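Colleague: Please take me through this model and set each term against its definition.

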Amino acid sequence: MPRPLWAGAISFGLVTIPVKIVSAAEDHDVHFHRVHLADMGRVRTLKACELDDQVVSQDEIGKGYEIAKDETVTVTDEELEQMPLPTAKAIEIEAFVDADTIDPVRISDSYYLAADGQVAAKPYTLLRKALERSSKVAVAKFAWHGRERLGLLRIREGAIVLHSMKWPGEVRNPQELAPREVEIGEEEIEQALQLAERMTIEDLSGFHDEYREALEDIIAAKAEGKPLPAPAEDEGKEKGEVVDLMAALNASVEAAKESRGEDGKNATVHEMRPSKKTTRKKTPAKKTATSKKSTASKKPAKKTAAKKRSAS
C-alpha cells in the first residue's frame, strides 16, 4: 500500500470510522531535470529574500498575508493546526444525495480511504454497504492543505473513495462561452447519434498515453545514439477551414463501420477495441497481405518498445 497522505476519521452521525487517505492515482509522466546545457549540471531554484538578496533556508520561510501595502501578518503552521474546525481531523458527512445530481466539473482529485486498524473494519463496512444499497453518495467537509474543502464519498470496487470537490462559487458560469444559436437539421442529429452509437465501447482500459510512449522512444534513441523516430504526419485540417458537416458525419460513420469490419470491408487496426464482455460475436475480417505489410511498416519502433515495456 502506498504511503498514507492523511490520517483521521469519517464522522457519520455518531459513528466514527478511523481512516487513512491514500492517493487513488499514480504518476506515470516522464519528468525532466533542468540542466546547464554547457556541462549538464543540475539547475536548481534558490529561494532568496527580495530585500537583501540573501538565500534563505526552509526553516527561515513562513506564511505571510498582506493586509495592506507594506503591512503583512504571519501565520504559523501551529496556528493553522489549532483552528477551531470540526473538520481538522475528521471527514464530516453533511448530507447524502443522488449520484447523478453531482456535476462532474466540480470533482477534482480522488483518494482512497483505507480502514485504519481492525477497530475501523465494522463501521467502514457499514458505511460502504449503506452507500451501495442506497445508490447515493455522501457529501462531506474536510480540512486539507490549509483550507476546508468539500468532498464526495462513493464506493469503487469495495473501497470508499473521497473526491475533492470545488465549492459552488468556484465554478464559472459557462453561458457566456456558448456559441450563438444555429440551425441544425434532424438528419444531421441522426447521423451524429449514429456515429456515437458506432463509437460506443464498454471498456476504457485500452486507452494509453501515446505521448509518453513517443517521448520514451525519443529518450531511448538519444541514449543509444540512434536516429530519432520520424515525426507523425499531420493529417488534420487547417484551423478555421470550413467543412461540409453532413459530409463529414457520413464519412465518419463509414469510417467507424470500416474500423469494426462491418459491411464486408477489411477491419483496420486500432488500439481501442470493444470490451470482451459484449455478447455479440463478430467474425474477424481477414487482412490482405498489403494491409499487413503497410501496418507493420508504420511503427516498428513503437511495437518493439511496447514489447520491452511489457516484458519488464
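Colleague: What is the mean pLDDT of the protein chain?

Modeller: The mean is 78, and 77% of the residues reach 70 or more; pLDDT is the predictor's confidence in each residue, from 0 to 100. Over residues 264-312 pLDDT stays under 50. Where pLDDT is low, the predicted coordinates should not be read in detail.

Colleague: Why is H163 called buried?

Modeller: Buried means under 20% relative accessible area, exposed over 50%, and partly exposed in between (1.4 Å probe, protein chains only). H163 has a relative accessible area of 6%, and therefore counts as buried. Buried residues make up 18% of the 312 residues in the protein chain.

**Contacts of H163**

Colleague: Where does H163 lie, and which residues does H163 touch?

Modeller: H163 is placed in strand β11 (residues 159-165). Helices (H or I, at least four residues) and strands (E, at least two) are DSSP runs, numbered from the N terminus, and the protein chain has seven helices and eleven strands. Not counting residues up to four places away in sequence, H163 touches I107, D109, S110, L150, G151, L152 and R154, where contact means heavy atoms within 4.5 Å.

Colleague: What makes the approach of the H163 and S110 side chains a polar contact?

Modeller: A polar contact is a pair of N or O atoms within 3.5 Å; within protein, one must be able to donate a hydrogen and the other to accept it, and residues adjacent in sequence count only if both atoms are side-chain atoms. The side chains of H163 and S110 are joined by such a contact of 2.8 Å. A polar contact of 2.8 Å also joins the side chains of H163 and R154.

**Strands and rings**

Colleague: How do you know that β1 and β7 pair?

Modeller: Two strands pair if DSSP finds at least two bridges between them. Strand β1 (residues 6-12) and strand β7 (residues 90-98) have three bridges, in the parallel sense, and S11 stands opposite E92 in β7. Strand β7 is also joined to strand β9 (residues 136-144) by six bridges, in the antiparallel sense; there, the bridge partner of F96 is A138 in β9.

Colleague: Why is the aromatic pair of Y111 and W144 called tilted?

Modeller: Rings of Phe, Tyr and Trp (its six-membered ring) pair if their centres lie within 6.5 Å; planes under 30 degrees apart count as stacked, over 60 as edge-to-face and the rest as tilted. By this rule there are three aromatic pairs. Y111 and W144 are 5.3 Å apart centre to centre with 55° between the planes, a tilted pair. Y111 lies in strand β8 (residues 107-115) and W144 in strand β9, so the pair ties together parts that are 33 residues apart in sequence. Ring pairs link Y111, F142 and W144 into a cluster.

Colleague: Are Y111 and W144 buried or exposed?

Modeller: Y111, at 10% relative accessibility, counts as buried, and W144 counts as buried at 8%.

**Loop residues**

Colleague: Why is D209 called partly exposed?

Modeller: D209 counts as partly exposed because its relative accessibility is 32%. D209 is found in the loop between α3 (186-198) and α4 (210-223), and its side chain reaches the backbone nitrogen of R212 at 3.1 Å.

Terms used:
Residues are numbered from 1 along each chain as its sequence is written. This is a predicted model: local features need pLDDT of at least 70, side-chain atom pairs count only at pLDDT 80 or more; totals for chains, interfaces and linings use all residues. Side-chain values use heavy atoms; hydrogens and water are left out.
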